[in-house]
Amino acid sequence: MLAKYLKDMRAAKVVQASQAVSSLGAGWSQADNGAIQKEFVFDDFLQASNFMQRYADYCHQVNHPPEWSNVYNKVNVRLHNQEFSGVTSKEVEIGQYLNTVSKANLNQDVEDVLAFD
């Protein structure tokens, strides 16, 4: 009974892909199987890999496996909730995080920022 209640609560957070795309803004689109996707383009591979590292750390924190691909300076991200075959408010929050992180200066290495030279 508790399991059904919890599943119903999670199901209440399902969002239409079109609504998610609209709230996330430019670059996001609907993919097949109810997912949403975006291609992030960076200046170079270093910036793209720093973005992916931050995204990987975030995925670990929020317990959401990433679905992505990378070729040189491009990172393609697809957000999808397997349990509900679509998008929930959790994927929208992840998309908002990715939008924010993609605009940060990702070429600065932590060691360089913390150096006192």
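## Exposure of the Charged Residues

Glu-67, at 37% relative accessibility, counts as partly exposed. Here buried means under 20% relative accessible area, exposed over 50%, and partly exposed in between, with a 1.4 Å probe and protein chains only. Arg-78 is likewise partly exposed, at 23% relative accessibility, whereas Asp-32 counts as exposed at 53%.

The structure is a predicted model, in which local features need pLDDT of at least 70 and side-chain atom pairs count only at pLDDT 80 or more, while totals for chains, interfaces and linings use all residues. Residues are numbered from 1 along each chain as its sequence is written, and side-chain values use heavy atoms, with hydrogens and water left out.

## Salt Bridges

Side chains of opposite charge can pair when their charged atoms come close. A salt bridge is defined here as a side-chain nitrogen of Lys or Arg within 4 Å of a carboxyl oxygen of Asp or Glu. The structure holds two of them.

Arg-78 pairs with Glu-67, and the closest N and O atoms are 3.5 Å apart. This pair links distant parts of the chain, 11 residues apart: Arg-78 is in strand β5, and Glu-67 is in the loop between α3 (45-62) and β4 (68-71). Helices (H or I, at least four residues) and strands (E, at least two) are DSSP runs, numbered from the N terminus.

Arg-78 also meets Asp-32 in a salt bridge between their side chains, at 2.6 Å from N to O. Asp-32 lies in the loop between β2 (29-30) and β3 (36-41) and Arg-78 in strand β5 (residues 74-79), so the pair ties together parts that are 46 residues apart in sequence.

## Surroundings of Ser-102

Ser-102 lies in helix α4, which covers residues 89-102. A polar atom of the Ser-102 side chain lies 2.9 Å from the backbone oxygen of Asn-99. Leaving aside residues up to four places away in sequence, Ser-102 touches Phe-40, Phe-42 and Phe-51, where contact means heavy atoms within 4.5 Å.

## The Largest Pocket

Helix α4 also contributes three residues to the lining of the largest pocket, the largest share. A pocket is an open set of points on a 1 Å grid over the protein atoms alone, where a 1.4 Å probe fits, with protein on both sides within 12 Å along at least five of seven lines; lining residues have an atom within 4 Å of a point. Of the 17 lining residues, His-64, His-80, Asn-81, Gln-82 and Glu-91 are the closest to the centre of the pocket.

Terms used. Polar contact = N/O pair within 3.5 Å; in protein donor to acceptor, adjacent residues only side chain to side chain.
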